Amino acid sequence: MEFQLGIGTRKGLFLARSEDRENWEISEPKFPMEAVRAVALAPSKIYAAAVNEHFGPTIATSEDFGETWSQPDHAPVAFPADTETALEGIWQIVLAGDVVYAGVEPSALFRSEDGGETFELVRGLWDHEHRPHWTPGGGGQMIHTILPHPADSGRITVAMSTGGVYRTEDGGKSWTASNRGISAGFLPDEEPEFGQCVHKVAMHPSRPERFFLQNHGGVYRSDDDAKTWHSIADGLPNDFGFAMVVHPSKPDTVYNFPLVADVLRFPPEGCCRVYRSEDAGETWTGLGNGLPDKGFYAGVLRDGMCVDSRDGIYFGTRSGEVWASPDEGDTWHQVAAHLPDVLCVRAQVV
């Protein structure tokens with residue numbers, strides 16, 4: 001058994017492997033000096049979305065854990081000419097059976113049915129009447145969350161900054177805004193139909209009707225397939241942050257990394273703490289055994305936290321550290337330090 005990580009950073013992709021989740025072998029950077037915002041791992045293939053300052057964004061694949069890479073001669077993800085829109089970045093890659101989804105900037109959803117060689121724009125979302133009113137958040141205007149339903153390929157939930165949560169039940173032909181109960185304190189109407197700056201949404205495949213959400217101020221849960229949302233922020237030191245993940249085998253267990261506020265993006269009291277709820281957000285416990293107790297001022301971005309299929313949880317920081325827990329967050333070990341700004345972390349067990 002081998003544990004593998006894909007660590008996307010501001011200056012390249014680093015690949016890590018371990019037999020015990022304590023001792024890690026870290027690769028040299030792949031795509032050096034290119035921002036890697038999205039990574040997807042499969043046992044036989046890695047997908048990495050890199051942005052070259054001269055040639056723009058692309059998706060590269062490797063079938064030998066990063067020893068060699070394949071990139072198509074054409075841009076695999078590109079807006080059709082009639083949209084008069086240029087691709088600025090790829091923020092999410094999600095594998096769903098034979099389909100590969102890509103969430104991009106500006107906010108749009110693409111899908112591929114040939115293993116990522118070519119992607120097609122999902123027109124139903126692009127042509128939505130709300131789209132002209134979606135605006136950039138602090139990091140840009142992008143789709144950063146894609147959650148296909150595990151049993152019904154026609155049902156997909158996406159989230160964007162800003163714009164909020166949208167759902168389809170017909171394979172992407174039509175979409176419905178699903179933000180009732182999510183606040184938007186920066187807007188005149190603090191609970192609008194759309195326009196929320198959602199940071200991340202998580203769902204466990206065994207409970208596909210329930211979602212957990214980190215907002216730009218607010219932590220929420222939906223129990224009715226994202227139709228309505230209610231706060232689960234009580235018990236957290238602050239309700240601002242980016243990361244939100246669900247335990248791989250326990251659908252009631254969820255993890256969060258709180259920051260003080262949008263204008264003070266530090267961990268509370270300078271302590272590195274992951275917060276875990278084992279009752280779907282009703283109560284929260286700070287986890288820090290092995291993590292820095294003080295003088296820690298780095299944040300964790302929306303895709304900087306993930307889980308593996310063996311009760312492991314991982315996170316990477318904006319100061320270039322990566323941490324791993326083999327026991328659901330009870331204890332932590334450092335995987336790497338002194339990397340560039342970590343943008344995303346993905347894990348798998350092979």
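**Figure 1. T157 is a buried residue of the predicted model.** At 6% relative accessibility, T157 counts as buried, because buried means under 20% relative accessible area, exposed over 50%, and partly exposed in between (1.4 Å probe, protein chains only). T157 belongs to strand β12, residues 156-161. Helices (H or I, at least four residues) and strands (E, at least two) are DSSP runs, numbered from the N terminus. Apart from neighbours within four places in sequence, T157 is in contact with T145, I146, L147, V165, Y166, R167 and F211; contact means heavy atoms within 4.5 Å. Residues are numbered from 1 along each chain as its sequence is written, and side-chain values use heavy atoms, with hydrogens and water left out. This is a predicted model, in which local features need pLDDT of at least 70 and side-chain atom pairs count only at pLDDT 80 or more, while totals for chains, interfaces and linings use all residues.

**Figure 2. The whole chain gives the setting for the close-up views.** The chain has 1 helix and 27 strands. With 350 residues, a compact globule would have a radius of gyration near 20 Å, and the 19 Å of the chain agrees with this. That radius is taken over C-alpha atoms, and the globule rule is 2.2 Å times the number of residues to the power 0.38. The C-alpha trace spans about 50 × 50 × 35 Å along its principal axes. Of the 350 residues, 60% are buried. Among contacts between residues at least 6 apart in sequence, 49% join residues at least 24 apart.

**Figure 3. Four strands form an open antiparallel sheet.** The order of the strands is β7-β8-β9-β10, with antiparallel pairing. The edge strands, β7 (89-96) and β10 (120-121), each pair on one side only. Two strands pair if DSSP finds at least two bridges between them. Strands of a sheet pair through backbone hydrogen bonds, either parallel or antiparallel.

**Figure 4. Strand β9 pairs with β8 and with β10.** Strand β8 (residues 99-105) runs antiparallel to β9 and is joined to β9 by 5 bridges. A hairpin of 2 residues connects β8 to β9. Strand β9 (residues 108-112) pairs with β10 over 2 bridges, again in the antiparallel sense. F110 of β9 stands opposite A102, and the bridge partner of F110 in β10 is L121. Of the 5 residues in β9, 4 are buried.

**Figure 5. Two peptide bonds are cis.** The bond from E105 to P106 is cis, with omega near 0°, and P106 is found in the loop between β8 and β9. A cis bond also joins S161 and T162, where omega is about -20°. T162 is placed in the loop between β12 and β13 (164-168).

**Figure 6. D225 and H338 have positive phi values.** Most residues other than glycine have a negative phi, and most peptide bonds are trans. For D225, which is not a glycine, phi is near 60°. D225 lies in the loop between β17 (219-222) and β18 (230-231) and is buried, with a relative accessible area of 8%. H338 is not a glycine either, and its phi is about 65°. H338 lies in the loop between β26 (333-336) and β27 (342-349). With a relative accessible area of 78%, H338 is exposed.
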